[in-house]
Amino acid sequence: ELQRVQERLTEKVMEAEVLQTYNLQAEPIQLRWGGNKEKVTDKAKRVDKIKICFTLSENRIIPEGTKNLYIRIAQPDKLILTPSRGDTYSFEYQGEKIQYSIAKEVNYTGEAQDLCLYWRKTNTEEDMMEGTYHVEVFEGDNVIGHTTFSLR
């Protein structure tokens, strides 16, 4: 019985050691006035970049230090928005190499942290695809946040 209790407690501690996000938002942005002003848009042909903001939650159990965050933005056709194909923009997730759109190294102190990251469209001649986009935030072998946005 004591063995089972210990195993359950170990599982709970392992769950508590996972970073969490909240207030995750992804907004398609149109640049105006020579790139000096941002305007949220839902029109695929007007998107210049995607702004992803979220809060890393407070957690005193997780060891402080550098955390590598990866954000994947999947188009409606399931392709990941990356500046280039191949292994250049990839990371290890549960034993598999997968692509990412944005990477950020964060110094995690155990306190809640607000972050905003941007994915910028590199090919100005190609419009974004219409439909629903899926945004996922990864840390280690965990998906710590997910949201969607739609373009028409």
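Colleague: Which handedness does the link of Cys53 and Cys116 have?

Modeller: This is a predicted model, and a disulfide joins Cys53 to Cys116 with an S to S distance of 2.0 Å. The angle about the S-S bond is 115 degrees, and the link of Cys53 and Cys116 is right-handed.

Colleague: How many residues apart in sequence are the parts that the pair ties together?

Modeller: Cys53 belongs to strand β3 (residues 49-56) and Cys116 to strand β8 (residues 113-120). The pair therefore ties together parts whose separation in sequence is 63 residues.

Colleague: Is Cys53 buried or exposed?

Modeller: The cut-off for buried is under 20% relative accessible area. Cys116, at 43%, is partly exposed. Cys53 has a relative accessibility of 14%, so Cys53 counts as buried.

Colleague: Which strands stand at the edges of the open sheet of 4 strands?

Modeller: The sheet has the order β2-β1-β3-β8, with antiparallel pairing. Two of its strands have a single partner strand each, so one side of each is left without a neighbour in the sheet; these are β2 (37-40) and β8.

Colleague: Over how many bridges do β3 and β8 pair?

Modeller: Ile50 stands opposite Trp119 in β8. The pairing of β3 and β8 is antiparallel, and the count is 8 bridges.

Terms used
Residues numbered from 1 in each chain as written. Predicted model: local features only at pLDDT ≥ 70, side-chain atom pairs only at ≥ 80, totals over all residues. Heavy atoms only, no water. Disulfide = S-S within 2.5 Å. Buried < 20%, exposed > 50% of the residue type's maximum accessible area, 1.4 Å probe, protein only. Pairing = 2+ DSSP bridges.
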